[in-house]
Amino acid sequence: MSIKDKVPVTILTGFLGSGKTTLLNRILSEEHGKRIAVIENEYGEVGIDQGLVINADEEVFEMSNGCICCTVRGDLIRVLGNLMKRRDKFDYVLVETTGLADPGPVAQTFFMDEEISSEFTLDGIVTLVDAAHIDQQLGRSDESSEQVAFADVLVLNKTDLVSDDALVTLESRLRDMNRMTRIIRAENAKVPIETVLNLSAFDLDQILKRRPTFLEPEYPFEWTGVYDLDAGKYELMLEEGPDPEMSLVALVNQGESEEELKDGAESSVRLYAEKANTLEPGNTIPYGDHINLKLEDKGNKSFILNIEKPTKIGLFTQHTAEEFNMKVIKSDENKEIPFKTERFWQAEHEHDDEVGSIAIERFGDVDPEKLNTWMGRLLSEKGVDIFRTKGFISYSGNPRRIVFQGVHMLFTAQPDKEWGNEPRRNQLVFIGRNLNEKEMQEGFDKCLI
Amino acid sequence: MPDIEPFSPRGMFHEGWTAEVNDYAIACGWALKGKQFIVGDVAGGIFAFEGDTGKIIWEKENTHSGGLLAMAIHPEGEIFATSGQDGNVQICNCDEGKVIKTLDLGNGWVEHLKWSNDGLFLAVASSKRVYVFNEIGEEKWISEDHPSTVSAITWSNKNELATACYGRVTFFDIVNNKTNQKLEWQGSLVSMELSPDGDIVACGSQDNSVHFWRRSTGMDAEMTGYPGKPSHLSFDDSGKLLATSGSERITVWSFIGNGPEGTMPGELCHHTEPISSLAFSNKGMLVASGSRDGSVVASFLKKDGNGDPVGAAFAGDLVGAISWRPDDCAIAAINAKGVVNVWKFKVRTNLFSKGFK
């Protein structure tokens with residue numbers, strides 16, 4: 001018996017009229033050397049021009065235990081069960097769901113049913129949205145926000161019908177709802193095939209390669225600069241910028257490694273949570289405090305930094321240094337001291353939609369048992385509202401990092417590559433509805449050793 | 001499976017014959033009282049072999065465009081029916097494989113076929129509907145739409161047909177066009193077997209359990225704890241033992257005494273990968289099992305459902321179906337590579353089989 005590769009499956013979702021069939025036909029007509037079997041739930045006005053198309057009515061099967069994660073798509077199990085006996089006829093499967101389909105059961109089918117999961121692997125979920133109508137649809141139906149939340153790729157279609165400004169606003173709204181997703185703009189569903197097929201979207205390394213910051217949490221500051229300073233008096237000089245004031249936290253003994261920067265960031269997050277003390281130009285900046293620099297005056301403004309003995313100072317600023325042309329100047333020599341290291345952070349902003357993403361990032365190891373208990377409880381209480389989970393974890397005593405993948409309450413934890421010299425850390429992203437970020441972060445912190 | 005080496009038949013399996021069909025073999029059965037063995041492949045090829053030698057008698061290709069889904073041989077063994085993705089049912093004779101009648105049921109897949117025990121009726125499931133025809137293909141009854149695609153059908157007596165779908169099992173008197181009984185349970189039923197007396201209804205469920213009902217008392221029970229879904233079920237001819245798949249073990253529930261509620265099932269651990277086919281012998285307490293790993297094992301069972309292997313062989317690849325010859329003196333297995341294996345099975349006498357107790 002040969003060990004066969006699993007057949008990749010792409011799920012294509014989106015409201016009726018978003019352009020699914022157009023995209024499907026585009027995929028099928030292009031020369032990509034793949035033989036694609038299509039399972040179609042929606043019979044639109046446009047037919048599909050290709051051989052292996054199977055029509056199936058959507059059948060959502062809930063289980064007697066009432067558990068939402070056990071809900072699967074009976075039609076897919078039936079059709080895929082037959083397709084797996086015809087492996088010589090195709091090497092890729094596309095599932096086109098109806099606009100009203102909940103993507104959860106579709107995705108869960110590939111985790112829950114052992115016969116299916118032993119032969120097929122979910123490659124990715126592609127959601128088409130009609131740029132002109134998605135704003136209203138998101139307000140009206142749970143299905144459309146769920147389809148956005150589940151998407152590995154969002155094809156923002158019909159962009160020719162919408163202004164650039166509106167597109168930027170729309171993209172940022174969609175990004176807020178789903179930080180994992182990749183957004184592709186398209187007219188008439190014209191997208192490069194490689195952006196929708198063979199995504200290995202459930203392969204975390206691939207995603208991180210493409211979007212290295214997607215797992216990162218958001219911070220109340222955008223920038224950090226680390227300055228190596230001898231004893232003496234320094235001035236922090238700022239020109240006019242986009243804001244009449246700016247928050248800042250200055251830390252002493254700030255290291256330059258990624259791990260030390262993240263530690264500094266975590267301390268700063270806590271300090272940022274406290275009320276800021278306002279400083280006028282000419283005032284001295286205290287260390288380890290949340291301060292607010294007044295920058296209303298025209299021209300250069302200076303704040304004082306006093307260094308008693310040589311140290312590295314970390315400045316965690318609300319905006320980037322560039323925006324205010326911010327400089328550190330040694331007062332007696334009138335000489336600019338450049339930063340040794342800088343680091344940009346994903347800035348946080350307002351979230352309007354119920355559906356959103358939460359990222360947790362912590363250095364160190366977790367206790368597998370505690371994590372299991374926490375995740376188990378979290379998913380059993382909130383599993384209905386958590387659509388997707390992705391990330392990796394450092395288990396104490398395990399030389400490999402553990403990769404997490406989840407759909408609703410289902411999750412798999414698999415050993416992945418070895419940590420080697422990389423600092424041990426944990427990154428998790430949850431996409432869901434009405435998630436409490438603080439509570440989830442605190443819960444996770446209790447699992448750390 | 002790299003850790004399984006092909007091995008010669010052992011125990012009660014004896015060298016028989018081997019043949020090949022053109023694609024993944026999905027359905028098979030003995031015809032003409034064991035003189036003929038018919039195999040259908042997924043692409044729609046049908047092949048008839050001499051039961052004793054494996055010599056090909058006739059073959060035909062592309063019987064159903066899109067592919068074959070089911071085959072059922074008439075209990076008398078003179079005719080058989082096939083169905084496929086083309087929405088058609090064909091009734092053919094076994095001698096030459098000639099089509100006697102083609103029934104067109106529309107666009108839906110026709111996934112299940114069952115002859116009634118007396119052979120007067122052929123039940124056919126296509127999507128949410130079930131049809132009953134007589135031997136010459138005249139339509140005798142059509143069901144209403146079921147709530148979901150019908151996942152299994154079986155005859156409980158000569159006029160009564162049981163259907164399973166999401167959420168329920170229904171018993172229809174197809175002669176008087178009446179619904180005799182509805183057994184409801186929220187779950188996706190993927191397989192169904194009835195005890196030979198028709199009283200016990202056993203269904204494998206998508207949520208990795210076996211649900212069963214006793215029609216006479218209305219009592220039902222759920223057997224949970226399977227790692228996978230029990231897609232394959234088989235009752236022995238006395239209706240006392242129910243063998244179930246759902247993992248690499250065969251789990252056997254015994255209905256003797258107060259069981260199986262509150263009892264431990266028998267467990268047979270002969271395979272390294274999940275069970276892909278199960279069949280009790282026509283008479284007696286022998287169960288044959290085939291696995292994804294390509295192994296075929298026959299086990300002799302005790303009343304409590306436990307038992308011992310009495311023979312084993314390697315079929316080469318995932319075992320799609322197993323069929324005992326009507327006299328139980330041969331056992332056939334078909335696999336995912338289209339290979340047909342038939343082994344002679346040592347003749348058992350009542351005296352002999354007692355020796356295993």
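In chain B of this predicted model, strand S8 (residues 88-93) is joined to S9(B) by 5 bridges, and the two strands run antiparallel. Strands here are DSSP runs of E with at least two residues, helices are runs of H or I with at least four residues, and both are numbered from the N terminus; two strands pair if DSSP finds at least two bridges between them. B:Asn88 stands opposite B:Asp104 of S9(B). The pair belongs to an open sheet of 4 strands in chain B, ordered S6-S7-S8-S9 with antiparallel pairing. Strand S6 (68-73) and strand S9 (99-104) of chain B each have a single partner strand and stand at the edges, so one side of each is left without a neighbour in the sheet.

Residues are numbered from 1 along each chain as its sequence is written, and chains are lettered from A, and ligands numbered from 1, in the order in which they are written. Local features need pLDDT of at least 70 and side-chain atom pairs count only at pLDDT 80 or more, whereas totals for chains, interfaces and linings use all residues.

Chain A contains 12 helices and 24 strands, and its C-alpha atoms fill a box of roughly 80 × 55 × 40 Å along the principal axes. Of its 449 residues, 41% are buried; a residue counts as buried if 20 or more other C-beta atoms, placed from the backbone, lie within 10 Å of its own. In helix H2 (residues 74-83) of chain A, 7 of the 10 residues are buried, among them A:Leu76, A:Ile77, A:Val79 and A:Leu80.

Beyond its neighbours within four places in sequence, B:Ala332 is in contact (C-beta atoms, placed from the backbone, within 7 Å) with residues including B:Cys28, B:Phe37 and B:Val340.

The contact between the chains takes 14 residues from chain A and 17 residues from chain B. On the side of chain B that touches chain A, strand S16 (residues 178-194) of chain B gives the most, with 4 residues.

Conventions. Two residues are in contact if their C-beta atoms, placed from the backbone, lie within 7 Å. A residue is buried if 20 or more other C-beta atoms lie within 10 Å of its own, exposed if 12 or fewer, and partly exposed in between; C-beta atoms are placed from the backbone.
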